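Here is a short report on one protein. Look over the sequence and the fold first. The text then moves from the whole chain to single residues.

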Amino acid sequence: YKKRMVLAAKWLKKSIENCIDFHPPNFKSQLMPYNLPNLLTWLRILAIPLFVGIYYVPHTWLTPSQQNLVATLIFAGAAVTDWLDGYLARVLNQTSAFGAFLDPVADKLMVSAALIVLVYLGRLDAPIALIIIGREITVSALREWMAQIGQSKSVAVSFLGKIKTTSQMIAIPLLLYHENIGEHFDSQEIGTWLIYIAALLTLWSMFYYLKAAMPQVFKNHEK
């Protein structure tokens, strides 16, 4: 009995040593890898308070036109890093499950913040912002559920969704800038038309994803 206890203690000690030596680094790197693409994504999230705070700076520091310009540049910079972090992750072979999770979260947070700011400034109707933000929440929840049942490919990003995103990402900087560009380009008017188009495509793409998921909904309901 004592011999078996000694052997068991040695095995336990060896197992603990192996866990300490090998598992924590692997687990840590899988949970939240520290690399350049993820750093850019975190910077995009950290830029959100700065982006919102621009409009709370006294006008003695920044004029309204300067506030618009700075906010537009921050949002545009965030949009560039959105493309850049994905590109670097592929080129540097630094893709990770954590990065795949964090990147769309950062995008949705920045877009939602921009839409709320535009509503606050009176440059966007609240129902339009509600449609776009509500759709993002709905589709994200749908994708999470579909991933849990192994059907994530059924609600992968569609071409329609990409058109919606493109229209939205052009509209928001125009609405933030708010000033005329040249003599004939009214950024507010053009941005308003584009955001309306994005809202329509938002509803269309949401119904597309819901339709794609319906077979699985009924299949799981029958079980």
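Helices (H or I, at least four residues) and strands (E, at least two) are DSSP runs, numbered from the N terminus. Ala-199, for one, lies in helix H7.

This is a predicted model, in which local features need pLDDT of at least 70, side-chain atom pairs count only at pLDDT 80 or more, and totals for chains, interfaces and linings use all residues. Residues are numbered from 1 along each chain as its sequence is written, and side-chain values use heavy atoms, with hydrogens and water left out.

**The whole chain**

The protein has 7 helices and 2 strands. Along the sequence they follow the pattern α-α-α-α-α-α-β-β-α. Of its 223 residues, 34% count as buried. Buried means under 20% relative accessible area, exposed means over 50%, and partly exposed lies in between (1.4 Å probe, protein chains only). Contact means heavy atoms within 4.5 Å. Among contacts between residues at least 6 apart in sequence, 72% join residues at least 24 apart.

**Two helix pairs**

Helix H3 (residues 64-91) packs against helix H6 (residues 159-177). H3 also packs with H2. The table sets out the two pairs. Axes are lines fitted to C-alpha atoms, for helices over the stretch in contact, and angles run from 0 to 180 degrees between N-to-C directions.

| Pair | Angle | Axis distance |
|---|---|---|
| H3 and H6 | about 160° | 8 Å |
| H2 and H3 | about 165° | 8 Å |

Angles under 35 degrees count as roughly parallel, over 145 as roughly antiparallel, 65 to 115 as roughly perpendicular and the rest as oblique. H2 and H3 are therefore roughly antiparallel to each other. H2 passes H3 in a left-handed crossing. A crossing is left-handed if the near helix is turned anticlockwise from the far one by less than a right angle, and right-handed if clockwise.

Which residues make the contact of H2 with H3? From H2 come Leu-36, Pro-37, Leu-40, Thr-41, Arg-44, Ala-47, Leu-50 and Phe-51. H3 brings Ala-71, Ile-74, Phe-75, Ala-78, Thr-81, Asp-82, Leu-84, Asp-85, Leu-88 and Ala-89. By class, this contact of H2 with H3 has 13 nonpolar, 2 polar and 3 charged residues. Here Ala, Val, Leu, Ile, Met, Phe, Trp, Tyr, Cys and Pro count as nonpolar, Asp, Glu, Lys and Arg as charged, and the others, Gly among them, as polar.

Now the other pair. H3 and H6 pack at an angle of about 160°, which makes H3 roughly antiparallel to H6. H3 passes H6 in a right-handed crossing. On the H3 side, the contact uses Asn-68, Leu-69, Ala-71, Thr-72, Phe-75 and Ala-79. On the H6 side, it uses Met-169, Ile-172, Pro-173, Leu-176 and Tyr-177. The contact of H3 with H6 has 9 nonpolar, 2 polar and no charged residues.

The expected span of a helix is 1.5 Å times one less than its number of residues. The 28 residues of H3 should span 40 Å, and its end C-alpha atoms are 40 Å apart, which agrees. Buried residues of H3 include Gln-67, Ile-74, Phe-75, Asp-85 and Leu-88. The buried residues of H3 pack against H2, helix H4 (97-120) and H6. Just after H3, Asn-93 takes a positive phi of about 55°.

For H6, 19 residues should span 27 Å. The end C-alpha atoms of H6 are 28 Å apart, which agrees. Among the buried residues of H6 are Leu-160, Lys-164, Gln-168, Ile-172 and Leu-176. His-178 follows H6. His-178 lies in the loop between H6 and strand S1 (180-181). Its phi is near 70°, a positive value in a residue other than glycine. His-178 is partly exposed, at 33% relative accessible area.

Ile-45 is found in helix H2 (residues 36-53). Is Ile-45 buried or exposed? At 17% relative accessibility, Ile-45 counts as buried. Not counting residues up to four places away in sequence, Ile-45 touches Leu-102 and Ala-106. Ile-45 and Met-110 are 65 residues apart in sequence, but 7.1 Å apart in space, C-alpha to C-alpha.

Ala-199 is buried, with a relative accessible area of 4%. Ala-199 touches Ile-128, Ile-131 and Ile-132, not counting residues up to four places away in sequence.

Leu-203 is found in helix H7 (residues 187-222). Leu-203 is partly exposed, at 30%.
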